[in-house]
Amino acid sequence: MGSLNEEKLRFCIDRGGTFTDVYAEIPGKTDGQVLKLLSVDPANYEDAPVEGIRRILEEYSGEKIPKTSKIPTNKIEWIRMGTTVATNALLERKGERIALCVTRGFKDLLQIGNQARPNIFDLTVSKPSNLYEEVIEVDERVQLVVDEEEGEGGDCPGFVVKGVSGELVRVVKPVDEQGLKPLLKGLLEKGISCLAVVLLHSYTFPQHELAVEKLAVGLGFRHVSLSSSLTPMVRAVPRGLTASVDAYLTPVIKEYLSGFMSKFDEGLGKVNVLFMQSDGGLAPESRFSGHKAVLSGPAGGVVGYSQTLFGLETEKPLIGFDMGGTSTDVSRYAGSYEQVLETQIAGAIIQAPQLDISTVAAGGGSKLKFQFGSFRVGPESVGAHPGPVCYRKGGELAVTDANLVLGFVIPDYFPSIFGPNEDQPLDIKATREEFEKLANQINSYRKSQDPSAKDMTVEEIALGFVNVANETMCRPIRQLTEMKGHETRNHALACFGGAGPQHACAIARSLGMKEVLVHKFCGILSAYGMGLADVVEEAQEPYSAVYGPDSILEASHREDMLLKQVRQKLQEQGFREENITTEAYLNLRHEGTDTAIMVKKHVNEDGSGSDYAVEFVKLFQQEYGFKLQNRNILICDVRVRGIGVTNILKPQVLEPTSLTPEVEGHYKVYFGNGWLDTPLFKLDNLGCGHIIPGPAIIMNGNSTVVVEPQCKAIITKYGNIKIEIESNTTTVKVAKKVADVVLLSIFNNRFMGIAEQMGRTLQRTSISTNIKERLDFSCALFGPDGGLVANAPHVPVHLGAMSSDVLVTNHPSAGGSHLPDITVITPVFDNGKLVFFVASRGHHAEIGGITPGSMPPFSKSIWEEGAAIKAFKLVEKGIFQEEGIVNLLQFPGSDESAPKIPGTRRLQDNLSDLSAQVAANQRGISLIKELIEQYGLETVQAYMNYVQLNAEEAVREMLKSVAARVSSQSAKFGLNNDVTIEEEDSMDDGSIIHLQLTIDSIKGEAFFDFSGTSPEVYGNWNAPEAVTAAAVIYCLRCLVDVDIPLNQGCLAPVGIHIPKGSFLSPSDKAAVVGGNVLTSQRVTDVVLTAFQACACSQGCMNNLTFGDNTFGYYETIGGGSGAGPHWDGTSGVQCHMTNTRMTDPEIFEQRYPVLLHKFGLRENSGGSGLRKGGDGLVREIEFRRPVVVSILSERRVHAPKGLKGGKMVLVGPIT
C-alpha cells in the first residue's frame, strides 16, 4: 500500500447531493485534473462517479469508452470516494424498510428517546420520524448484579456470568426463541427483511442479540444490525438508534456500491477501491456500513484542509469553514482529528467515532426575509430548485442573490447554465427587481417608525443580509471553540466550499481572527481530501472498573487483543507492518459524573505508555475548567484504532515568481463604504510570493475569493491563498428614534449567543448530573434596570422568572420559582458604571428538606423544603464566600419553633455547581465586554433596548391576529374592539385557576386577570408570581411564529393581575416546591386554551425522587402534548415548562438500586378527536433495597381537557 505507480491514474471522488467532484492524478502531469458533474443527470449518464472516471480515462488514453461498456481498469491504480448516498437517504427518509427488535417492556424506548423536544417553543412538537416500521418485543432479560450477596444467588432467579465489561450479569430469562420465531416470520410476510436489534445490557452480554441474529438470518432476513456489535457501549437508547440507522442505510449503501463496482471490468479486484467514513478514515467496500457513512463527504473536506494547511501554511489551530448551498459545516483541527462518539444527524442519534463537525442551516440558498423590523436569514432554504432568483426558475431571494447584487459573484465567471435552454447567465436584472420590491417594504416600515429615516439602497440591504448571514455562521464557530476552552481569535479560518471564500474575510474579522487560508482546490477539497486520508480499522469493547493497578493491567491485556485484531484486518488489505500505526484509548469518567472522555495513550521517549489518569485529569480541567478532588476515576471502555498509512498525494511546491500579478479585469464591488473599482485575478495566473492588496477578487476555479479592503492576499509556495486580516473597531452612529434594521438582527444574535455560551459554560463546568446531563438550568442577560434582554431557551419555567435584585437567591419572595432553583446574579460594570446584569439559574437536586431530592410531596411550609436564601453575597471582592453559603445550605430554617430540618445531602455538588454558575456569569461578562469593545457602550446599550422593542412589536402583531381569529362563540366583544375570553382549570384538590383574558385588537395589548383563582393552599402547589409570569411569557413566545429573542419586550404589551393570597401569589412562608413543577403546567394549559392554540397537555412534570442517606436521584417523566388545529399531539415527550432529559435505562440500572421493568407509551390515553392528543407514559420501577420515594404529580383526578369538542384524556393512576 502507498506505493507509487507512475503509469496508472488515481481518482479521488466526492459524490455530493448536487455536484460530484472528481480529482485525478494523471501520469506525467504535475497538476491533477479536476472535473465537476451533476450528481443526478439521468438523461446523460447513470452514475456520476463512473461517468467522471470514464471521461478522464478517455481523454488520457485517447480511446473511446462507450457508456454501455464496462470501464477498463488496467490504467487505474486506485479509487477513493466519499458519498452522500447515506446522508441523502437519511434526510429524505428513503432507506430500507426495517423493523426493531427490543427487550419486552421497551417497544417505545427509541421513540421516547431522552424525552426532550427539539424546539421548546414549537407547540406541534415536531420530532423526526422513526426509521423502523414495526417493533417486536422479545421475551428475554438480563440484570446487572449490584452487590456481592445478590451475586451469590439466594432467591434470585437465573444464573450469573461475567460480562464483556467485567460486570456480573444475571441471566433472568433466556431468549424465548419459540415465541420470537412467529414474530420474525410475520415481518418477512410484510416484506420487511432488515432488522435492528437492541436488548438491554447487550453491551456487556451480547449473547442474546447474537441468538436473535442467528434465528433471523436462518429465517431469511437479508440484513441484521446488532447494537452490541456496532457500538458496544453502555446506553441502550443511542446504541439502539445507531443499530436502526445502520439497518436502515447499510442495504442502500451496499446496493449503490454493488452498482458502482459492476460498472468496471473483471480487473477491478486488482484496483484498490476505498470509501471515506465519518471518522476521516477509509474502508474497503466490504467494511463500509451505514452508521459510519453519514459524514462521508464532509469528512473528506476536514482531511483535505487539515493535511494541506496545518503545519505547512500556519502553526495556528484551524477552523474549517465549508459553506455550501443549504448549510455550512464547521470543524476544528489542531494537530489531530477532533472526534465525538455520539452525534445527531438528520434527527437520528448515531453512536460511533466520527469527526466533530457542526452544521448550521445557513448557506448560499438561505432565504432572506424582513419580519417585524428585522432582517432574517434562513433557516429555510430555496433549495437547488427553484433556487435563488438569479437562477431564472422563479425562486425567492437568497444569500446568493445578495452576493450577486454586491458584486461578490461575477456572472462572467459563473457557468451559463440557466434559463429554458440552460445556456443563460445569472439573472442580475431579476435579482435587483426583487431587492427593489423588498427595499420598498423595508423603507416603508422605517418611515413608519421615523419619518426622517433615509431610504436604504438595494446594496445596503443586500450587504445587511450578508452581514446577518455571517453572524449566523459565527455562532457555531464560537460554540465549537469556546465550549472546549479555546479562544476563537487564536485560530486561522480554513475556508472551502463553493460560497465560503466570499464570506471568509468578514467572518474572520467578526471572530477576531487575523488569518484566512483558502486552498487552491477549495471548490473540490472534499474530493482532494480522499487522496490524503489513511485506511482506518477500529475495535472497542466495554470494560467497567475503578482505575488502579489491577484494572490497568486488565485494560492493557484487552488493548493488546484488540490491537492484534485491527492489525490483522489491515494486513489482510495489503498493508505491511511498517505502514501500520496504532492508537489506544481508555474512555474514563469521574465517579458520580456522567461525562466520559476518550483519553489517548501517549508513548514516552523510552517507549513506555503514559499514565491515562494524569492525561484524563489534564483533559478534564482543560474542557471543564476545574479539577475534581478525591473521586475515583472509572474505566468505561477500551478502544483501539489501527491506521494503514498511505501517503498518496503530496503537495507541489511552487518556485517564487518575480512577475507582476496579471489583472484579468476590473469590476465594481460594493463594500461597506460604497462601490469600489476592484481588480480581478485568476489564481492559475498567480505565482508564489504574489501579494494582492484588498479590495480584490481572485477566481479560484468556480469559487470566488473576496479580498476585502484592509486585507491582503498572499500566494503561498503551495499555491494556496493566505489572507491577512486587519482588525478594525466597528463604529456605529446610534439612531435616536429607530434601530438600524441590520444591526437589530446582529445584536439579537449576539445577545442570544452570549446567553447560550453562558449556558454551555455552566454545563461544561458543573458537576451534578441534573445540570450537566439533564440540562436543568437557564442563563440570561438583564439591563441595568433589571429588564430581561436575552434568555437562552433552556428550561421554560425559568423564563422571565429570574430576579436581578440580589447576587444569590432561591426564595420565591425574591423572584425565585422554588427552592431547588438557585439563581446567581453578577453585575457588569464599564468604567465604574453598572451596564448589565448576567444571571444563571440551576436546579440543585439536593438542598435539604424533609425528603432526599428536596422535592417533598407533602410539605406544608417552605422551611420543610430545604435551604431558603433571600439574599447572600456569594462572591465578595473576588473571594468565594464558602463558609457563609455552607451555613445556609447545611442549616436551613431560622424559625426556632420549627422542627429541625435536614440540610443538603450533597454539599460538594452544591458548591461545585454554584462555582460553575459563577463561571458561567463570568463568561457572560467577558463576552459583553468584548461586544462593548467592538461597538461601543452607547451602541450596545441602545440595542439592548431596541431588541426589547423588536420583541414587543412581534407580540403586539401576534395579539392583533389572535383577536381577529378567535371564535365569537368563546369570546366576548367589548368596548373599543376589546376581545374577552374566560378560561379555567382545576388542580386535583379542586383549587381553581381562573383567567379572564382581554385583548385590545387595535393596540395589540393583552390583560391576564387571574381574579377568581383559589386561595393559598395548605400544600406545596402554591406558585410564586414569577412562575405565572414565566408561563405567560412562554405561551406568548410559542404563539409568535417567528424566531424572536425572549426578553422583557414580550411582556411590554401585557398586563398580569394575580390576586394576593391566591395560590398563584402565596405568602412567603407557603410551601411552593410543587408550584414550579405542577401549577406552572396548569397555568400554561389555561393560557393556551384561552388563546385556542392547542388542547391541554399532560399538565404536570411528574417529578420522581428517591434516595437514602448515601444518594439521591431525581427525574421528570414526560407525557402527551396537546393536539392543535392542524396537528396531532406528540406522545411520550416533555411538555411546555420543562425539557429536561431522561436517564438511559442501562445507566439507571447500573448506577442506582433499581430494575426498570417497563418504559413505554400508555396507548390510547391521549384523547380522541379530529386531532388526537399525545399518549402518556408508563414507567414501572422495582427498588432493590429500601429507599425513600417521593412523587409530585397531578392529573390524577381532573383529566386534561380537549379543545373545540376534542375528548378528555385518561387520568394517570400511580401504582
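Let's start with the sheet: eight strands make up an open sheet with mixed pairing, and their order is E18-E15-E14-E21-E22-E33-E32-E29. Its edges are strand E18 (358-360) and strand E29 (691-693), each of which pairs on one side only. On average, neighbouring strands here are turned by 25 degrees against each other, direction ignored.

Keep in mind that this is a predicted model. The protein chain has an average pLDDT of 86, and 93% of the residues score at least 70. One stretch to treat with care is residues 799-806, where pLDDT stays under 50. The model has 33 contacts beyond four places in sequence for that stretch.

Back in the sheet, have a look at the E18 end. As a reminder, strands of a sheet pair through backbone hydrogen bonds, either parallel or antiparallel. E15 and E18 run antiparallel and are joined by three bridges; Asp329 has Thr359 in E18 as its bridge partner. With E14, E15 pairs in the antiparallel sense over six bridges, and here Phe321 stands opposite Val330 in E15.

How much of E15 is buried? Six of its six residues are, so the strand is largely enclosed by the rest of the structure. Thr328, Val330 and Arg332 point one way from E15, while Asp329, Ser331 and Tyr333 point the other way, and all are buried. So Arg332 and Asp329, for instance, are both among the buried residues of this strand, because burial covers six of six residues there.

Which strands does H12 lie across? They are strand E14 (318-323), strand E15 (328-333), E18 and strand E21 (492-496), and H12 runs at about 30 degrees to E15.

H12 also has a helical partner. Two packed helices are described by the angle between their axes and the distance between the axes. For helix H11 (residues 428-449) and helix H12 (residues 458-482), the axes come within 9 Å and cross at roughly 90 degrees. H11 and H12 are therefore roughly perpendicular to each other. On the H11 side, the contact is made by Arg432, Phe435, Glu436, Leu438, Ala439 and Ile442; H12 brings in Val458, Glu459, Ile461, Ala462 and Phe465. Sorted by class, this contact has eight nonpolar residues, three charged ones and no polar ones.

Most residues other than glycine have a negative phi, and most peptide bonds are trans. Gln115 sits in the loop between helix H3 (109-112) and strand E6 (134-138). Is Gln115 buried or exposed? Its relative accessibility is 0%, so Gln115 counts as buried.

Val125 is found in the loop between H3 and E6 too, and its phi is also positive, near 45 degrees. With a relative accessible area of 7%, Val125 is buried.

Then there is the peptide bond between Gly694 and Pro695, which is cis, with omega about 5 degrees. Pro695 has its place in the loop between E29 and strand E30 (696-700), which brings us back to E29, one of the edge strands of the sheet.

Conventions: Residues numbered from 1 in each chain as written. Predicted model: local features only at pLDDT ≥ 70, side-chain atom pairs only at ≥ 80, totals over all residues. Heavy atoms only, no water. Axes fitted to C-alpha atoms, helices over the stretch in contact; angles between N-to-C directions. Helix = DSSP H or I, 4+ residues; strand = E, 2+ residues; numbered from the N terminus. Parallel < 35°, antiparallel > 145°, perpendicular 65-115°, else oblique. Contact = heavy atoms within 4.5 Å. Nonpolar A, V, L, I, M, F, W, Y, C, P; charged D, E, K, R; others polar. Pairing = 2+ DSSP bridges. pLDDT = per-residue confidence, 0-100. Buried < 20%, exposed > 50% of the residue type's maximum accessible area, 1.4 Å probe, protein only.
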